[in-house]
Structures are given as structure tokens and as C-alpha cells.
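This report looks at aromatic pairing in a protein chain and then at the residue annotated as an active site. The sequence and structure come first.

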Amino acid sequence: MYYGIYDSPLFPIIVVGNEEGLIYIHLETKTGKKFDISEKWIRNEDFFKETFRQLDEYFKGQRMDFDLKLNPNGTEFQKKVWNALIEIPFGTICSYKDIAMAIDNPKACRAVGMANSKNPIAIVIPCHRVIGKNGKLVGYAGGIDTKEKLLDLEKSFIK
């Protein structure tokens, strides 16, 4: 397993993966959850050259969709939710109910919220684009202020 640290304009980002794909993208924010780097992992920025290039493009507003090999660990339900999150267009938002409807399980709003909170590949799987049905920014592992910064960044590039 490899890891690298990408220095984004907003916060450091820890990227973890192997030949099977990306496993984690963790945002090192002041208000978010702490992430422990295993002593068994090998630091290798070269391994993540393409990931870092695409993140550069994202933060410059030049990339709206990622084209990376992903290998998130999760249940089948979680993966279904995460695949639906990938379909949310850059610079737009939707509700947990919208995602529940997208996966043909309209009563699963709370379960969608739980799956959203377990998303291991932030930004690339854009869980920051999901908001509460009342339009409020709710529940983000990196902190609500980080969610707001990512949404504002995306909006700033929409013409």
C-alpha cells in the first residue's frame, strides 16, 4: 500500500492506494476527522502522479470529472451510493433524498446519509455536493466549513 500527500490550495490531502486503485483520499482539515497513516504504508508521490495532476486540474477549475481507478472498501449498499454521488455534476448540489431516489430506494435517506459519511475517497466521490433537504449544509467528515469551501470553489468556476 502506498500513500502520498498532496498540498491543495485549501488543505493537505492524504492519498492512499495500490495497484487496484485509490482506497482513500483524506482531507487534512482543522475541523475534520484525524487520519492515521499506517507504518506499513510506503510514501510514494510518484505512484500518485496522475491523481495529483487531476487534483491540480480540479482546484484550478479545469477538471469537472475524475478519471481514476477507484477501489473503495465498503458494503454493496455503500458502493451503490458512492456510484450515485459520482453522477452529481460539478458545481451542483442535491439532497440525500435525491440520492435515495437515484438508487431506487426512496425510503433510504438516513442510510444514504450514513453511506455518504463513510465515503473514503473525498472530492473524487463528491459527497460534499449532498446537502440536507432544507438546503442546509449538514454532515461532512472534513467539517462543514470544508464542505462550504469545496462548494464555493466549484461554484466559482461555473460560468
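## Aromatic pairs

The structure holds 11 aromatic pairs (rings of Phe, Tyr and Trp, the last by its six-membered ring, with centres within 6.5 Å; planes under 30 degrees apart count as stacked, over 60 as edge-to-face and the rest as tilted). One of them joins Y2 and F47, a tilted pair at 4.6 Å centre to centre with 35° between the planes. Because Y2 lies in strand β1 (residues 2-7) and F47 in the loop between β4 (42-43) and α1 (49-59), the pair ties together parts that are 45 residues apart in sequence (strands are DSSP E runs of at least two residues and helices H or I runs of at least four, numbered from the N terminus). Y2 and F47 also belong to one aromatic cluster, whose members include Y6, F48 and F52.

## Basis of the model

This is a predicted model, in which local features need pLDDT of at least 70 and side-chain atom pairs count only at pLDDT 80 or more, while totals for chains, interfaces and linings use all residues. Residues are numbered from 1 along each chain as its sequence is written, and side-chain values use heavy atoms, with hydrogens and water left out.

## The annotated residue

An unreviewed UniProt entry places the feature "active site" at C127; UniProt positions are given in the numbering used here, feature names are shortened, and annotations may be inferred rather than shown by experiment. C127 is in the loop between α4 (109-117) and β6 (130-131), and is buried at a relative accessible area of 7% (buried means under 20%, exposed over 50%, partly exposed in between, with a 1.4 Å probe and protein chains only). Leaving aside neighbours within four places in sequence, C127 is in contact with L85, N116, N119, Y140 and K147 (heavy atoms within 4.5 Å).
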